[in-house]
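Subject: Handover of a structure

Dear colleague,

Please find below the structure that I am passing on to you.

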Amino acid sequence: MATSAARREILEGDLIIVFASRDRTPTPLVVQRGEKLINLFGMFPHDDMIGRPYGSKLHSSNKKGFVYLLRPSPELWTISLPHRTQILYAPDMSFIVMKLNLSPGAHVIEAGTGSGSFTHFLARTVSRGPPAGGGTGQTHCTWPTRTSALTPMVGQAQASDFDGRVYSFEFHAERVEKARVEFAEHGLDKAVVLAHRNVCKSGFGLDPTCDAVFLDLPAPWEAVPHAKMALRTDIATRICCFSPCIEQVHRTVAALSEHGFSDITMYESLVRTHESLTNVAPLEPISEVVERIQQTESKRELRRQLQIQQSKLERERRQAEKEAQTQGAASATNDRPEEHAVAASNKDDGEANANPFESVPAKRKATVDDDTCLPPTGSTVSEPPAEMLYSSGFRQKVERRPVQQANVYSRPYPHMRGHTSYLTFATLLPRI
């Protein structure tokens, strides 16, 4: 199943990653003749995969769907591997490798193999490929093909093209056996030295030759003194502890300070996804936006003044009606009932004709939502040029604006990916 990075074509027995879509988990697959892959997008015979270059687009038998055949990498393996424990993902792994200052040729300890996600990432970081030649670089082999058995015990690694080492420790026996087979199949048997060991009680059993230590343990503070014994004494070395709870961080920081580590810092790696968008309506110049806002504010002020004026007229009208009713009631007490009716009728008609508020029957009252109100004298408010569109009885006012080129911009999602764990880093200075 090991895959050579120097070979472009897929052969029988190779491990490939089948990528169907972004919302579906990639599928790790061992190519075997006569087998078939069946998923939501159709049926894909393995025989059609053999001989195709990595990265090829393969259509299903009925030509209604397709998948991509990708070369395995630590990042792809991380999102497709079978989970045996909680794993680390690319954002955390990249940050850890950078802060530990790892490079090809380094020796690093990993306590807590788990599902092997970070082990693959570390192996690629510290491994070295064959000498440069044929237009390829020194580290062009991602997962080189190896056929020898994985070294079973710590300290018995054989000499090979790999100068770097990953010493991985796991206390769970069943996970160790599964990881051992997996590492050998993926060609990591020369870069990774796997051991079944409880490092919190028995230590690492290594000479002080390691450049960095990574602890993914329930109680990393118990392994801190043993980690100090495995780190080099001639240069500055680094340690990282991966803990999900802040209480674990407190105890780990205390242990690191007690055993002489310095520059202790803690980080929390969060991911914010951004979406690339092309705006449907081109962005307008800021001057036009400001002018439109000013016009809107002027209209609002005009409507407010009209509301005040209308309220004032209404109050005066009601007051006049009230006074007229009072005068009519006073005159009725001095006349006979039959004469009072005639006088009241004549009085109402006379007052109606003399009422200044009703002198223009055809006058239309101003409304609050009327956009056609004329601005006050001296106002500079002007409406932008517009056209009226008529479609199926619907009338809409559309402003004419010059067409501009669309803009591409990024918009972050409102939520960020939740907390995974805290990363505590520290440095151990030379002790010579």
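This is a predicted model: local features need pLDDT of at least 70, side-chain atom pairs count only at pLDDT 80 or more; totals for chains, interfaces and linings use all residues.

Residues are numbered from 1 along each chain as its sequence is written, and side-chain values use heavy atoms, with hydrogens and water left out.

Overall make-up. The protein has nine helices and 17 strands; these are DSSP runs numbered from the N terminus, helices being H or I of at least four residues and strands E of at least two. Of its 432 residues, 34% count as buried (buried means under 20% relative accessible area, exposed over 50%, and partly exposed in between, with a 1.4 Å probe and protein chains only). Among contacts (heavy atoms within 4.5 Å) between residues at least 6 apart in sequence, 67% join residues at least 24 apart.

The seven-stranded sheet. An open sheet with mixed pairing runs in the order β9-β8-β7-β10-β11-β17-β12; two strands pair if DSSP finds at least two bridges between them. Its edge strands, β9 (192-196) and β12 (262-268), each pair on one side only. Within this sheet, β7 (residues 107-111) and β10 (residues 212-215) pair in the parallel sense over four bridges, and Glu 110 has Phe 214 in β10 as its bridge partner. Helix α2 (residues 90-99) lies across β10, β11, β12 and β17, at about 10° to β17. Helix α4 (residues 173-185) lies across β8 and β9, at about 160° to β9. For these angles, axes are lines fitted to C-alpha atoms, for helices over the stretch in contact, and values run from 0 to 180 degrees between N-to-C directions.

The four-stranded sheet. A further open sheet has the order β2-β1-β6-β5 with antiparallel pairing. Strands β2 (27-30) and β5 (56-59) stand at its edges with a single partner strand each, so one side of each has no neighbour in the sheet. Neighbouring strands here are turned by 35° against each other on average, direction ignored. Strands β1 (residues 15-19) and β6 (residues 66-70) pair over three bridges, and Val 18 stands opposite Leu 69 in β6.

Cysteines. A search of the whole structure finds zero disulfides (pairs of cysteine sulfur atoms within 2.5 Å). Cys 200 counts as buried because its relative accessibility is 18%, whereas Cys 245, at 37%, counts as partly exposed.

Yours sincerely
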